[in-house]
Amino acid sequence: ILTSTTSLLIATPIHAFEIISAEDINSGGDGTIASLDRTKNAETEFLNKLTTNIGTEDFEAYSWETSANLNLSFPGAGTATLGGNGRVYCIEHIEGVTDANTIDIELNNGRYASSGTNYWHTSATVGDSSTFMIDLTEEIAAFGFYAYDLGDFGGELEIKLYQDGEIVTTISNTSHRLYTSTVDGAYTGSAVYIGIIGEQKDDGTYETFDQVEFVIANMAGSAEDFFAFDDMTIATPQQLLKVYAD
């Protein structure tokens, strides 16, 4: 099963973004993880549109259970603060960690890293739609990331982009399906890659944003569900390859 698209997603007539997305379904159930073949290809497609001096946050520099607010640094694109609900988890046993059983549960339930061993762990409950957000010091034109264990209990992911506190656009599961959703945990451990790139406007500039909010809503069949995110990449307009091609 593959959802891989390069398309325009428009919230208003003046805001458009190119979306690159792919899904690797894990149908093995608990204790298995997805092959990342399709999602890795989508990440490569996304990165091929950027210059090589971009930054990717892989959470490897943070210790077990480091919580918000995290100060992130991206070469050439300034800094960012990751806030809201979540903390850094790890998929391997760490000396001195008393809750090693939690690590085993994470891996068995389909939450893991796309590179290294660390990732951002978050959750959502029925009736509580907010999860976490990233505040950026620079105007950003591209953002890509991996997500794991989405939708196995019906939760729908929305990515909201803001500029100067105003909503720019919402990339939602309703209008642009990014993954297969169930309500019984059947696809636990499935992986998604999503890359978002601002389109060039008539004046030659690019659509940009300075805040990304992750929202998971409409869950069914579970009081609380858990998710993993990893390898977050951002780029400024100057880090888009097509800037130099025009």
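View 1. The model is predicted, so local features are taken at pLDDT of at least 70 and side-chain atom pairs at pLDDT 80 or more, whereas totals for chains, interfaces and linings use all residues. Residues are numbered from 1 along each chain as its sequence is written, and side-chain values use heavy atoms, with hydrogens and water left out. Ser-190 lies in the loop that runs between β11 (166–172) and β12 (191–198), strands being DSSP runs of E of at least two residues and helices runs of H or I of at least four, numbered from the N terminus. Leaving out residues up to four places away in sequence, Ser-190 touches Asp-24, Ile-25, Asn-26, Ala-34, Ala-147, Tyr-148 and Asp-149 (contact means heavy atoms within 4.5 Å).

**View 2. Glu-43 in helix α1.** Glu-43 sits in helix α1 (residues 37–47). Glu-43 is buried but has no salt bridge, and the nearest side chain of opposite charge, that of Lys-40, is 4.2 Å away; a salt bridge requires a side-chain nitrogen of Lys or Arg within 4 Å of a carboxyl oxygen of Asp or Glu, and in assigning charge Lys and Arg count as positive, Asp and Glu as negative, with His and the chain ends not counted. Apart from neighbours within four places in sequence, Glu-43 is in contact with Tyr-146 and Tyr-193.

**View 3. The nonpolar cores.** The largest nonpolar core has 37 residues, of which Leu-82, Phe-143, Phe-145, Ile-159, Phe-214, Phe-229 and Met-232 touch the most other members (a core is a set of buried Ala, Val, Leu, Ile, Met, Phe, Trp, Tyr and Cys residues joined through side-chain atoms within 4.5 Å). A second, separate core of 25 residues includes Ala-42, Tyr-112, Ala-141 and Ala-191.

**View 4. Aromatic pairs around Phe-132.** The structure holds 15 aromatic pairs (ring centres of Phe, Tyr and Trp, the last by its six-membered ring, within 6.5 Å; planes under 30 degrees apart are stacked, over 60 edge-to-face and the rest tilted). The rings of Phe-132 and Phe-214 are stacked because their centres are 4.3 Å apart and their planes at 15°. This pair joins strand β8 (residues 130–140), which holds Phe-132, to strand β13 (residues 209–217), which holds Phe-214, 82 residues apart.

Methods: Buried means under 20% relative accessible area, exposed over 50%, partly exposed in between (1.4 Å probe, protein chains only).
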